Amino acid sequence: MTNSFSLSLPDWVTAFLAGQPEVFADLNSRMTLAVTLSSMNIEHQTGGPFGAAIFDSPSGRLISAGVNIVVPGKCSLAHAEMVAIALAQKNLDTHDLGSRGTYQLVTSCQPCAMCLGAIPWS
């Protein structure tokens, strides 16, 4: 029996984000990133058509990004929003994002019940 697990974003995400700006000044540019991640996840055949990103609200600085990796990760929790939240928590070294500032989650699709429930808890 396995008693641990880990999930990783597909390699293309890191390469793609390296070519992106550090700051996304407005909601349109933030939404474009989430939708582009969604489209690229389908193009690369690395998961479902969902992308998400978390930004520092005041500055627009990208904190984390996620794509749906349910099938390749063999984990039904691995929705784009959940991945973005988990990576933001790791990047900011906290389980409570609200204790570190004000953040904005932008997604390519309306969050499901699981993701919607996780947002205030993050």
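This briefing describes the strands, nonpolar cores, pockets and selected residues of one protein model. The model is predicted, so that local features need pLDDT of at least 70 and side-chain atom pairs count only at pLDDT 80 or more, while totals for chains, interfaces and linings use all residues. Residues are numbered from 1 along each chain as its sequence is written, and side-chain values use heavy atoms, with hydrogens and water left out. Strand 1 pairs in the antiparallel sense with strand 2 and also with strand 3.

**Strands and their pairing**

- Helices (H or I, at least four residues) and strands (E, at least two) are DSSP runs, numbered from the N terminus.
- Six of the six residues of strand 1 are buried, that is, under 20% relative accessible area, where exposed means over 50% and partly exposed lies in between (1.4 Å probe, protein chains only).
- Both faces of strand 1 are covered, with G51, A53 and F55 buried on one side and A52, I54 and D56 buried on the other.
- Strand 1 and strand 2 are joined in the antiparallel sense by five bridges; two strands pair if DSSP finds at least two bridges between them.
- Within this pairing, A52 has G66 of strand 2 as its bridge partner.
- The hairpin of strand 1 and strand 2 has five residues between the strands, and G60 in this hairpin takes a positive phi near 80°.
- Strand 1 and strand 3 likewise pair in the antiparallel sense, over five bridges, and A53 stands opposite V106 in strand 3.

**Nonpolar cores**

- The largest nonpolar core has 18 residues, of which W12, F16, L33, L37, F55, L62 and V67 touch the most other members; such a core is a set of buried Ala, Val, Leu, Ile, Met, Phe, Trp, Tyr and Cys residues joined through side-chain atoms within 4.5 Å.
- At least two residues of this core come from each of helix 1 (11-18), helix 2, strand 1 (51-56) and strand 2 (62-67).
- Helix 2 gives the most to this core, with four residues.
- A second, separate core has 10 residues, among them I54, I63, I85 and L97.
- Leaving aside neighbours within four places in sequence, W12 is in contact (heavy atoms within 4.5 Å) with L37, M40, N41, H44, T46 and V67.

**Pockets**

- A pocket is found on a 1 Å grid over the protein atoms alone, as an open set of points with protein on both sides within 12 Å along at least five of seven lines, where a 1.4 Å probe fits; lining residues have an atom within 4 Å of a point.
- The largest pocket holds about 360 Å³ of space, a volume being the space filled by probe spheres set on grid points that are joined across faces, edges and corners.
- Its lining comprises 17 residues, and L7, M82, V83, A86 and L87 lie nearest the centre of the pocket.
- By class, this lining has 12 nonpolar, four polar and one charged residues; Ala, Val, Leu, Ile, Met, Phe, Trp, Tyr, Cys and Pro count as nonpolar, Asp, Glu, Lys and Arg as charged, and the others, Gly among them, as polar.
- The second largest pocket has a volume of about 160 Å³, and its lining includes I54, I85, L97, Y103 and I119.
- Strand 3 (residues 103-107) gives the most to the lining of the second largest pocket, with three residues.
- The lining of the second largest pocket divides into six nonpolar, five polar and no charged residues.

- I85 is placed in helix 4 (residues 80-91) and is buried, because its relative accessible area is 7%.
- Apart from neighbours within four places in sequence, I85 is in contact with I54, I119 and S122.
- I42 lies in helix 2 (residues 27-43) and is partly exposed, because its relative accessible area is 43%.
- Apart from neighbours within four places in sequence, I42 is in contact with G47, G48 and P49.
- I42 and V67 are 25 residues apart in sequence, with their C-alpha atoms 10.0 Å apart in space.

**Loop residues with positive phi**

- Q45, in the loop between helix 2 and strand 1, has a phi near 55°, a positive value in a residue other than glycine.
- Q45 counts as exposed because its relative accessibility is 74%.
- D93, in the loop between helix 4 and strand 3, also has a positive phi near 55°.
- D93 is exposed, with a relative accessible area of 63%.
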